[in-house]
Amino acid sequence: MFTTELIQQFKELETPFYFYDTDLLDSTLAEVKKYAQRYDFTVHYAVKANTNSEIMSRIAKEGLGADCVSGNEVTQALAVGFQADDIVFAGVGKSDKEILTALEADIFCFNSESVQELEVIQELAQRVEKVARIALRLNPNVKANTHKYITTGLEENKFGISLSQLPEVLQVLEKCKNLELVGIHFHIGSQILDLENFRNLCQRLNEIQDTFEEKNLPLKHINVGGGLGIDYRSPNSNPMSNFEAYFQLFAENIQRRPNQKIHFELGRSIVGQCGSLITKVLYLKEGLKKKFVITDAGMNDLIRPSLYQAYHKIENITSTAETAETYDVVGPVCESTDCFDKNVSLKQTQRGDLLAIRSAGAYGEVMISNYNLRDRAKSYCKDWLLNQ
Ligand SMILES: *Cc1c(COP(=O)(O)O)cnc(C)c1O
């Protein structure tokens, strides 16, 4: 991933910074499109994974839709070239202002999560004389084998409408003249590697679809959300998720009705592997039991390890040493959780070396904060760096 030419460029830049391998992004998008088109599936990019406008506009150019979870994401999606018709808007707590933004833009669909939210969308839609298309986000009570902080499809989670509340929801919908029910939506979690979880989702979805049809409510759209995981351990040997198997599983397991559209909302699997956080080693410190590598990037630049105990592979990309050593790689922020990983084997490391913290394209740059009043890390795309 890091050619000598690139590393030469890196040395000129202020660290830390995000680096995006735009070639990998392009080939990932080509793969997604290839296998989604095989089954005539519609893919929306889950914008919250990475709202960098270079990245977003590249994805928009490839013709994907956008899945947004805030009014500002809707605004940004439109600004970088996503079509309003291809935008869905999810989220358990949409504010009035956000709903109005989306109504005024005439987005394709609101993924709605509660009775009260439906009532508010109705009221606002009536006020601005629009009809809002609605997909009900249902809680399928399907477990995703992933970190407990990123499961979303269980009854104990805050997301979605429980099936037991469906009769009430449908009653409310019937009264709401400015709402049009167009489908159902699910999203069971993130970083899901075992496709069995998605098979279980399909089974629940088929049962739920039958329930709707019994009530004479055919569904034009089924949105199965996102959540496909990436290989954080081996980003070099496994730079892309298995989109072929993923889409095939849905094609084989959803009882799709004629002319029904099936939507996906992929975030991490589209952008995760193309990003790395590049950081400079400030100091080496010998503890009593440990050797610490202290980097100029901290948890404010990439919070996933501190927030979800997430693993990121770390490489020393400038050391020419023949031997490796074991270090804890820690940041400068005044928190003990500001640690990227413990007991990492790196080529023998010195002050000034550059480290790449890999697979940081999703939920990395978007979660930057300026805690400790630290500077905001910049970002660079590969094609830009090589062509300047
Ligand atoms: C976060 C989110 C996604 C994307 O999840 P990934 O794991 O990044 O694919 C899709 N849909 C909804 C509703 C989300 O909240």
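## Overall architecture

The chain has 12 helices and 17 strands, where helices (H or I, at least four residues) and strands (E, at least two) are DSSP runs numbered from the N terminus. Its radius of gyration is 22 Å, close to the 21 Å that the globule rule gives for 388 residues, so the chain is as compact as a globular protein of that length. The radius is taken over C-alpha atoms, and the globule rule is 2.2 Å times the number of residues to the power 0.38. This is a predicted model, in which local features need pLDDT of at least 70 and side-chain atom pairs count only at pLDDT 80 or more, while totals for chains, interfaces and linings use all residues. Residues are numbered from 1 along each chain as its sequence is written, and side-chain values use heavy atoms, with hydrogens and water left out.

Along its principal axes, the C-alpha trace spans about 70 × 40 × 40 Å. Buried residues account for 56% of the 388 residues in the chain; buried means under 20% relative accessible area, exposed over 50%, and partly exposed in between (1.4 Å probe, protein chains only). Of the contacts between residues at least 6 apart in sequence, 72% join residues at least 24 apart, a contact being heavy atoms within 4.5 Å.

## Helix packing

Two packed helices are described by the angle between their axes and the distance between the axes. Axes are lines fitted to C-alpha atoms, for helices over the stretch in contact, and angles run from 0 to 180 degrees between N-to-C directions. Helix 5 (residues 96-105) and helix 6 (residues 115-127) pack at an angle of about 50 degrees, with their axes 10 Å apart. That angle makes helix 5 oblique to helix 6; angles under 35 degrees count as roughly parallel, over 145 as roughly antiparallel, 65 to 115 as roughly perpendicular and the rest as oblique. The crossing of helix 5 and helix 6 is right-handed, a crossing being left-handed if the near helix is turned anticlockwise from the far one by less than a right angle, and right-handed if clockwise. Helix 5 contributes Asp96, Ile99, Leu100 and Leu103 to the contact, and helix 6 contributes Val120, Ile121, Leu124, Ala125 and Arg127. By class, this contact of helix 5 with helix 6 has 7 nonpolar, no polar and 2 charged residues. Here Ala, Val, Leu, Ile, Met, Phe, Trp, Tyr, Cys and Pro count as nonpolar, Asp, Glu, Lys and Arg as charged, and the others, Gly among them, as polar.

Helix 8 (residues 196-214) packs with helix 9 (residues 243-253) at an angle of about 25 degrees, their axes being 10 Å apart. Helix 8 is therefore roughly parallel to helix 9. The crossing of helix 8 and helix 9 is right-handed. From helix 8, Phe198, Arg199, Leu201, Cys202 and Asn206 meet Tyr246, Leu249, Phe250 and Asn253 of helix 9. The contact of helix 8 with helix 9 comprises 6 nonpolar, 2 polar and 1 charged residues.

## Buried positions

Valine 329 is found in strand 14 and is buried, with a relative accessible area of 0%. Leaving out residues up to four places away in sequence, valine 329 touches Val293, Thr295, Ile314, Cys339, Phe340, Asp341, Val344, Leu346 and Leu355. The C-alpha atoms of valine 329 and valine 281, which are 48 residues apart along the chain, are separated by 9.3 Å.

Valine 344 lies in strand 15 (residues 339-347) and is buried, with a relative accessible area of 7%. Apart from neighbours within four places in sequence, valine 344 is in contact with Ile314, Glu325, Thr326, Tyr327 and Val329. Serine 319 is in the loop between strand 13 and strand 14 (324-330) and, at 8% relative accessibility, counts as buried. Residues up to four places away aside, serine 319 touches Lys347, Gln348 and Asp353.

## Backbone exceptions

Most residues other than glycine have a negative phi, and most peptide bonds are trans. The peptide bond from threonine 15 to proline 16 is cis, with omega near -10 degrees. Proline 16 is in the loop between helix 1 (4-10) and strand 1 (17-20).

Glutamine 309, although not a glycine, has a positive phi of about 55 degrees. Glutamine 309 is in the loop between helix 11 (304-308) and strand 13 (314-316) and counts as exposed at 65% relative accessibility. Asparagine 372 likewise has a positive phi, near 65 degrees. Asparagine 372 lies in the loop between strand 16 (354-357) and strand 17 (378-381) and, at 35% relative accessibility, counts as partly exposed.
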